Amino acid sequence: MNVLPSDLTSAALGARDRLATLARSAATAGLGSAGLSGSATAMGAAARAAVFGDALLGAIRARLEALRNAAK
């Protein structure tokens, strides 16, 4: 039996990869010709991915809490 559903696990892995990619692009955005506007766009995308990742972690935490309560 899997503790977490496979779609939740794959969503978490995808969110981690997306956030890592966006963080790298935000770090290098200021180096390009777009300057500050490209940097702001990249940081905004990374922030949205971080908020999604945080919400996803909240869902995983709630799932694990429900399993913990059911096991009592």
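This is a predicted model: local features need pLDDT of at least 70, side-chain atom pairs count only at pLDDT 80 or more; totals for chains, interfaces and linings use all residues.

Me: Fine. How many helices and strands does the protein have?

Reply: Two helices and zero strands make up its secondary structure.

Me: What's the span of helix 1, end to end?

Reply: Helix 1 covers residues 6-29, which is 24 residues. From first C-alpha to last, helix 1 reaches 34 Å, close to the 34 Å expected at 1.5 Å a residue.

Me: And which residues are buried in helix 1?

Reply: L8, A15, L22, A26 and A29 are buried there.

Me: What share of the protein is buried overall?

Reply: Of the 72 residues in the protein, 19% are buried.

Me: Now A45. Where is A45 found, and is A45 buried or exposed?

Reply: A45 is found in helix 2, which runs over residues 36-71. A45 has a relative accessible area of 14%, and it counts as buried because the cut-off is under 20%.

Me: How far is A45 from A23?

Reply: In sequence, A45 and A23 are 22 residues apart; in space, their C-alpha atoms are 8.8 Å apart.

Me: On to charges. How many salt bridges does the structure hold?

Reply: Two salt bridges. One pairs R68 with E65, with the closest N and O atoms 2.6 Å apart. The other pairs R16 with D17, where the closest N and O atoms are 3.3 Å apart.

Me: Why are R68 and E65 about one helical turn apart?

Reply: Because R68 and E65 are three residues apart in helix 2, about one helical turn separates them. As a general point, an α-helix has 3.6 residues a turn, so residues three or four places apart point the same way.

Me: What's the accessibility of R68 and of E65?

Reply: R68 is partly exposed, at 44% relative accessible area. E65 is partly exposed as well, at 35%.

Me: And for the other pair, what are the values for R16 and D17?

Reply: R16 has a relative accessible area of 52% and is exposed, the cut-off being over 50%. D17 is at 41%, so D17 counts as partly exposed.

Definitions and conventions. Residues are numbered from 1 along each chain as its sequence is written. Side-chain values use heavy atoms; hydrogens and water are left out. Helices (H or I, at least four residues) and strands (E, at least two) are DSSP runs, numbered from the N terminus. Buried means under 20% relative accessible area, exposed over 50%, partly exposed in between (1.4 Å probe, protein chains only). The expected span of a helix is 1.5 Å times one less than its number of residues. A salt bridge is a side-chain nitrogen of Lys or Arg within 4 Å of a carboxyl oxygen of Asp or Glu.
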